[in-house]
Amino acid sequence: MRLVILDRDGVINEDSDAYIKCPAEWVPLPRSLEAIARLNQAGYRIVVATNQSGVGRGLLDVPTLNRIHSKMHHLLAQMGGGIEAILFCPHAPDDDCNCRKPRPGLFQELASRLRIQLEGVPAIGDSLRDLQAAQAVGAKPLLVRTGKGEMTAKSPNLPPGVEVYDDLSSVVDALLKHG
């Protein structure tokens, strides 16, 4: 199975320190939806694993989060692409859950649902916690410079050997080139 795991905010859409709280605030990054569609057309399954602490902080509820994701699905479908599943952690940072990245719970849930190992599966994120969660399950963490990625690339805690790309489209170029 060819699978790619994506973080949402800062990878697919613009990130916001004030959180994405409604569909109007969800704005795709340039070329991100086209990049996902290209992966789909090459036979890749796409899953999103995302922290959404705005829910736990009371900034939005799950029905609103679902409307945001419906917008993402709709815009992506217009490009000929699709996301198979969206796994999200709704908890606030103080909730001490296992699903909030950098903990690996979302990735473990994905592996369990698909009945696969995530060893070597590309996991694309813009923050250190995305990379750490991917590493914890043996997935291959890839960093994009969009969102918080430029700052993450300069972190002394960046795991050695993590490949860094300008954006999701450039990661997809590399994945499709090296198949």
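Analyst: Buried means under 20% relative accessible area, exposed means over 50%, and partly exposed lies in between (1.4 Å probe, protein chains only). The structure is a predicted model, in which local features need pLDDT of at least 70 and side-chain atom pairs count only at pLDDT 80 or more, while totals for chains, interfaces and linings use all residues. Residues are numbered from 1 along each chain as its sequence is written, and side-chain values use heavy atoms, with hydrogens and water left out.

User: Why is Lys148 called partly exposed?

Analyst: Lys148 has a relative accessibility of 28%.

User: What makes Lys148 and Asp15 a salt bridge?

Analyst: A salt bridge needs a side-chain nitrogen of Lys or Arg within 4 Å of a carboxyl oxygen of Asp or Glu. The closest N and O atoms of Lys148 and Asp15 are 2.5 Å apart, so the pair meets the rule. Lys148 lies in the loop between strand 5 (140-144) and helix 6 (149-153), and Asp15 in the loop between strand 1 and helix 1 (32-41), so the pair ties together parts 133 residues apart in sequence. Helices (H or I, at least four residues) and strands (E, at least two) are DSSP runs, numbered from the N terminus.

User: How do you know that Asp17 is paired with Lys148?

Analyst: The side chains of Asp17 and Lys148 have an N to O distance of 3.8 Å and form a salt bridge. This pair also links distant parts of the chain, with Asp17 in the loop between strand 1 and helix 1 and Lys148 in the loop between strand 5 and helix 6, 131 residues apart. Asp17 has a relative accessible area of 70%, which is over 50%, so Asp17 is exposed.

User: How many salt bridges does the rule give?

Analyst: The count comes to 14. One of them joins Lys21 and Glu25, at 3.4 Å from N to O. Lys21, at 27%, is partly exposed, and so is Glu25, at 31%. Salt bridges that share partners join Asp7, Lys101 and Asp130 into one network.

User: Why is Thr50 called buried?

Analyst: Thr50 has a relative accessibility of 1%, which is under 20%, so Thr50 is buried. This residue lies in strand 2. Contact means heavy atoms within 4.5 Å, and, not counting residues up to four places away in sequence, Thr50 touches Asp7, Arg8, Ile86, Leu87, Phe88, Cys89, Lys101 and Leu106.

User: What makes the pair of Thr50 and Gln52 a polar contact?

Analyst: The side chains of Thr50 and Gln52 come to 2.7 Å. A polar contact is a pair of N or O atoms within 3.5 Å; within protein, one must be able to donate a hydrogen and the other to accept it, and residues adjacent in sequence count only if both atoms are side-chain atoms. The 2.7 Å distance is within the limit, so the pair counts.

User: Why is Ala123 called buried, and what does Ala123 touch?

Analyst: Ala123 has a relative accessible area of 5%, which is under 20%, so Ala123 is buried. Ala123 belongs to strand 4. Beyond four places in sequence, Ala123 touches Ile5, Phe107, Ala134, Ala139, Lys140, Pro141 and Leu142.

User: What makes a space a cavity, and how many of 30 Å³ or more are there?

Analyst: On a 1 Å grid over the protein atoms alone, a cavity is a set of points where a 1.4 Å probe fits but cannot get out, whereas a pocket is an open set with protein on both sides within 12 Å along at least five of seven lines; lining residues have an atom within 4 Å of a point. Points are joined across faces, edges and corners, and a volume is the space filled by probe spheres set on them. The structure holds one cavity of 30 Å³ or more. The largest cavity has a volume of about 60 Å³. Its lining includes Ala123, Asp7, Lys101 and Asp130. Strand 4 gives the largest share, three residues.
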